[in-house]
Amino acid sequence: MNALANMAAEVPENPLIPPIPELVIGLIAFFIVFGILAKKFLPNINKVLEERRKQIEGRIEEAEATQAEAQQVLADYRAQLADARHEAARLRQEAQEQGATLIAEMRAEGQRQREEIIAAGHAQIEADRKQAALSLRQDVGKLATELAGKLVGESLEDVARQSRTIDRFLDEVEAKAASDATKAEAGR
């Protein structure tokens, strides 16, 4: 019974709560290891972390400087592009104005040449008409003289008299034709 009493007297131990002496020894060992780590390794770790922080900050500053430079280059590029567009528009406008001026000049030149050609044609027609009238007058005179010679029965060979007679006859015919044309116009 004694053994049973001993067992009943003993309270069962909780496996999650370690015995006090082990807890004290574990805490002392933890603080010793923590102290050694804090004295030996913590400054090196802080030093490495500080160097990394400085490198990262330096890279960030370099990236910001590069980005600012890129922004400046982009702004310069856009300004140059805008200038180039304005210059191209100006050149295009000048070309259109020059083209319009050239077209107007060419039209004026074409009109002038056309007028010259028409004037030359009219002059040529007038000269041809006069030549035809003269030739016709001579032919009609010759035929009239031959006909008159056949009617009279003699030769009318005197050229000066023949020419005067023909001219007088044709002038009378032209005057009669002109008066008939004037009467026809007045009648309208």
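**Reading a helical model, residue by residue**

Guide: Let's start at one side chain: R112 is partly exposed, with a relative accessible area of 40%. Please keep in mind that this is a predicted model.

Visitor: How should I read that value: what does partly exposed stand for?

Guide: A residue is buried under 20% relative accessible area and exposed over 50%, so partly exposed covers what lies in between. R112, at 40%, therefore counts as partly exposed.

Visitor: Which residue forms a salt bridge with R112?

Guide: The partner is E116, with 2.2 Å between the closest N and O atoms. Both residues sit in helix α2, four residues apart, or about one turn of the helix. E116 is also partly exposed, with a relative accessibility of 46%.

Visitor: What is the distance between the closest N and O atoms of R114 and E115?

Guide: In that salt bridge the closest N and O atoms are 3.2 Å apart. R114 is partly exposed at 43% relative accessibility, and E115 is partly exposed at 40%. Elsewhere, salt bridges with shared partners link E50, R53 and E57 into one network.

Visitor: Let's step back to the whole chain. How many helices and strands are there?

Guide: The protein chain has three helices and zero strands, in the order α-α-α from the N terminus. Helix α2 spans residues 20–152.

Visitor: What share of the residues is buried?

Guide: Of the 188 residues in the protein chain, 3% are buried. The chain exposes about 17000 Å², and 62% of that comes from carbon and sulfur atoms.

Visitor: Which residues form a nonpolar patch on the surface?

Guide: For such a patch, look for nonpolar side chains joined within 5 Å, on residues with over 30% relative accessible area. Here the patch consists of V33, L37, F41, L42, I45 and L49, which together have about 550 Å² of accessible area. L37, a residue of helix α2, has a relative accessible area of 41% and is partly exposed.

Notes
Residues numbered from 1 in each chain as written. Predicted model: local features only at pLDDT ≥ 70, side-chain atom pairs only at ≥ 80, totals over all residues. Heavy atoms only, no water. Helix = DSSP H or I, 4+ residues; strand = E, 2+ residues; numbered from the N terminus. Buried < 20%, exposed > 50% of the residue type's maximum accessible area, 1.4 Å probe, protein only. Areas by Shrake-Rupley, 256 points an atom, 1.4 Å probe, with all protein chains shown as cover. Patch = residues over 30% accessible without salt bridge, like charges linked within 9 Å, V, L, I, M, F, W, Y side chains within 5 Å. Salt bridge = Lys/Arg side-chain N within 4 Å of Asp/Glu carboxyl O.
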